[in-house]
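Keep the viewer open as you read.

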Amino acid sequence: MTDGIEQVSANCSFGGWHRRFRHRSDCLDCDMVFAVYLPPAAESGPVPVLWWLSGLTCTDENFMQKAGAHRMAAELGLAIVCPDTSPRNIDLPGEDDSYDFGSGAGFYLNATRSPWNRHYRMYDYVTDELPQVIVANLPVDERQSICGHSMGGHGALVCALRNPGRYRTVSAFAPICNPTRCDWGRKAFSGYLGDDRKAWREWDACELIRQSGYAGPILVDQGGDDNFLQDGQLRPAELEAACVEKGVDLELRTQPGYDHSYFFIASFIDDHLRRHAAALID
């Protein structure tokens, strides 16, 4: 891991700072850019972190510019860290051929299939390497929660389920709940992990819950008019069934009229931030 980070840009926002940084990632074997919102409270001491994992095709910029989260994060004293969604510009064959595999579609797992396994280790990046970089270079402490959208919503669930006790809270917007049973997941898992479906289960939130349960509460918001809900990509009913089976405290809220876009996220992000802050700020 390289401790040094290079600031790419900085914007004052609600008395705090939205900063973008570039650094060399050892685990991804490439340069990566990530964004951080630091609230005004970070001027006087370390603050807790909310990790945000974005969805297919996104970079670190989508959430920071569209979600409207800075105002509430500033008020609550939360830092928000937004990684990219995949390695970039590494010249793997086919990395830019489709929106749902390769660039912008890392699925927050550790690839085992060549040639993707050299670079596509986004799980290790967001749970190990980047947290160390953040703590070493920025005024944050080890209090953490995690949230995300779509592919990133599933990533947030998987990170929390595979690391019980690390994140004080977890929530998601329209997550891909059961990727082993949807087209997006089957394409990504076969490409990154190969054809052994037993290996796929280690990266599927529903399967992880059925294996080990989960001790904390989970909040999921789902747009009622989400076209990806209608075509079977998201499958929140399977997540609900797994949680009922294992006695996991899931609050699954269907929001009528809302789609899959950042208009949906911006409409409910304040509620998620307040819930995370209640657990993070002692």
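This is a predicted model: local features need pLDDT of at least 70, side-chain atom pairs count only at pLDDT 80 or more; totals for chains, interfaces and linings use all residues.

Pick Y192 and look at what surrounds it. Setting aside neighbours within four places in sequence, Y192 is in contact with F101, G102, A105, G106, F107, L109, A111, T112, R113, W116 and Y120.

As a reminder, most residues other than glycine have a negative phi, and most peptide bonds are trans. Y108, also found in the loop between β5 and α3, has a positive phi too, about 55°, and is not a glycine either. Are these two side by side with solvent or tucked away? F107 is buried, with a relative accessible area of 5%, and Y108 counts as buried because its relative accessibility is 1%, with the cut-off set at under 20%. The loop between β5 (79–82) and α3 (122–137) is also the place of P115. A cis peptide bond joins P115 to S114, with omega at about 5°.

Now step back to the sheet. It is an open one, built from 9 strands in the order β1-β2-β3-β5-β4-β6-β7-β8-β9, with mixed pairing. At its edges sit β1 (6–13) and β9 (250–255), each pairing on one side only. From one strand to the next, the twist averages 20°.

β1 and β2 run antiparallel and are joined by 7 bridges; N11, for instance, has H18 in β2 as its bridge partner. The hairpin of these two strands has 2 residues between them, and F14 there takes a positive phi near 50°. Next along, β2 and β3 are antiparallel as well, with 9 bridges joining them, and W17 stands opposite L38 in β3. This hairpin has 4 residues between its strands, and D29 takes a positive phi near 55°.

Where does the parallel sense show up? Strand β6 (residues 140–149) and strand β7 (residues 170–173) pair that way over 4 bridges. In that pairing, G148 stands opposite A172 in β7.

α3 lies across β2 (16–25), β3 (30–38), β4 (47–53), β5 and β6, running at about 60° to β3. α9 packs on the sheet too, touching β8 (218–223) and β9, and its direction makes about 155° with that of β9.

Finally, follow α9 to its helix partner. Two packed helices are described by the angle between their axes and the distance between the axes. Helix α7 (residues 205–212) packs with helix α9 (residues 236–246) at an angle of about 5°, and their axes are 9 Å apart. The two are therefore roughly parallel to each other. On the α7 side the contact is made by C206, I209 and R210, and on the α9 side by E238, L239, A241, A242, C243, E245 and K246. Sorted by class, that contact has 6 nonpolar residues, 4 charged ones and no polar ones.

Note on methods. Residues are numbered from 1 along each chain as its sequence is written. Side-chain values use heavy atoms; hydrogens and water are left out. Contact means heavy atoms within 4.5 Å. Axes are lines fitted to C-alpha atoms, for helices over the stretch in contact, and angles run from 0 to 180 degrees between N-to-C directions. Angles under 35 degrees count as roughly parallel, over 145 as roughly antiparallel, 65 to 115 as roughly perpendicular and the rest as oblique. Ala, Val, Leu, Ile, Met, Phe, Trp, Tyr, Cys and Pro count as nonpolar, Asp, Glu, Lys and Arg as charged, and the others, Gly among them, as polar. Buried means under 20% relative accessible area, exposed over 50%, partly exposed in between (1.4 Å probe, protein chains only). Two strands pair if DSSP finds at least two bridges between them.
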